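This report covers a single protein chain, shown below. It takes up the pocket, the nonpolar cores and some individual residues, and then the fold as a whole.

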Amino acid sequence: MDACRAHVTLLSVSLRRRIAEQPDGEKPSGAQRLVNAFCALVGKHHGEGLALTDYARMLGVTPTHLTRSCKECGGVTAGDLLAQYSLYGARDLIETTATPLQDIAGQLGFGSAAYFSRFVQNQTGQSPSDLRRAARARGMAAR
């Protein structure tokens, strides 16, 4: 989970750098502030199984507005950010631990191991088991 938080932090740093590139004296736009707040919430609540609509509700905006703001500021949608964060956390746990895949699915907030496996397969082109086997073949130690 620490690696997941670090990944979201990196995404947030990237967005903050874009904001810092604005001309001196210009305040961050509402969209930029919203995206920073969204990244902070994802880092704090990821693994709780929250959907994009839940994050939007916590921020007091619609999912469409949140997605539009993320696209404007970072070039990716809010859903893409959530998927990237989930995938990063999944791969970290799959490739570096011996934790059962069903337990990983639960830790990351997936409703079922089957949905988790489909998500990983769709994002990487490999099943979670194949990712784990490949990591072991590369010599990545399970913790």
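## The largest pocket

In this predicted model, the largest pocket holds about 290 Å³ of space. Its lining is made up of 17 residues. Nearest the centre of the pocket lie His 46, Leu 50, Ser 86, Leu 108 and Phe 110. Helices α3, α5 and α7 (113–124) are the elements that each give two or more residues to the lining.

Which element gives the largest share of the lining? That share comes from α5, with three residues. By residue type, the lining of the largest pocket divides into 10 nonpolar, six polar and one charged.

## The nonpolar cores

The largest nonpolar core has 16 residues. Within this core, the residues with the most contacts are Phe 38, Val 42, Tyr 55, Leu 66 and Cys 70. The largest share, seven residues, is from α2.

Residues up to four places away in sequence aside, Leu 66 touches Leu 34, Phe 38, Leu 52, Ala 56, Leu 59, Val 61 and Ala 78. Another core, of 13 residues, lies apart from the largest one. Among the residues of this other core are Ala 90, Ala 105, Leu 108 and Phe 110. Leu 108 and Phe 110 are also among the residues nearest the centre of the largest pocket.

## Glu 95

Glu 95 lies in helix α5. Is Glu 95 buried or exposed? It counts as buried because its relative accessibility is 11%, and the cut-off for buried is under 20%. The side chain of Glu 95 makes a polar contact, at 2.8 Å, with the side chain of Arg 91.

Between Glu 95 and Ser 129 the C-alpha to C-alpha distance is 9.4 Å, and the two are 34 residues apart in sequence.

## Leu 101

Leu 101 lies in helix α6, which covers residues 101–107. With neighbours within four places in sequence left aside, the residues in contact with Leu 101 are Ile 94, Phe 116, Pro 128, Ser 129 and Arg 132.

Ala 90, one of the residues of the 13-residue core, is 11 residues from Leu 101 in sequence. In space, the two are 9.2 Å apart, C-alpha to C-alpha.

## The fold as a whole

The secondary structure comes to eight helices and zero strands. Along the sequence the pattern reads α-α-α-α-α-α-α-α.

The protein has 143 residues, and buried residues make up 36% of them. Of the contacts with a separation of 6 or more, 60% are between residues 24 or more positions apart.

Key: Residues are numbered from 1 along each chain as its sequence is written. This is a predicted model: local features need pLDDT of at least 70, side-chain atom pairs count only at pLDDT 80 or more; totals for chains, interfaces and linings use all residues. Side-chain values use heavy atoms; hydrogens and water are left out. A nonpolar core is a set of buried Ala, Val, Leu, Ile, Met, Phe, Trp, Tyr and Cys residues joined through side-chain atoms within 4.5 Å. Buried means under 20% relative accessible area, exposed over 50%, partly exposed in between (1.4 Å probe, protein chains only). Helices (H or I, at least four residues) and strands (E, at least two) are DSSP runs, numbered from the N terminus. Contact means heavy atoms within 4.5 Å. On a 1 Å grid over the protein atoms alone, a cavity is a set of points where a 1.4 Å probe fits but cannot get out, and a pocket is an open set with protein on both sides within 12 Å along at least five of seven lines; lining residues have an atom within 4 Å of a point. Grid points are joined across faces, edges and corners, and a volume is the space filled by probe spheres set on the points. Ala, Val, Leu, Ile, Met, Phe, Trp, Tyr, Cys and Pro count as nonpolar, Asp, Glu, Lys and Arg as charged, and the others, Gly among them, as polar. A polar contact is a pair of N or O atoms within 3.5 Å; within protein, one must be able to donate a hydrogen and the other to accept it, and residues adjacent in sequence count only if both atoms are side-chain atoms.
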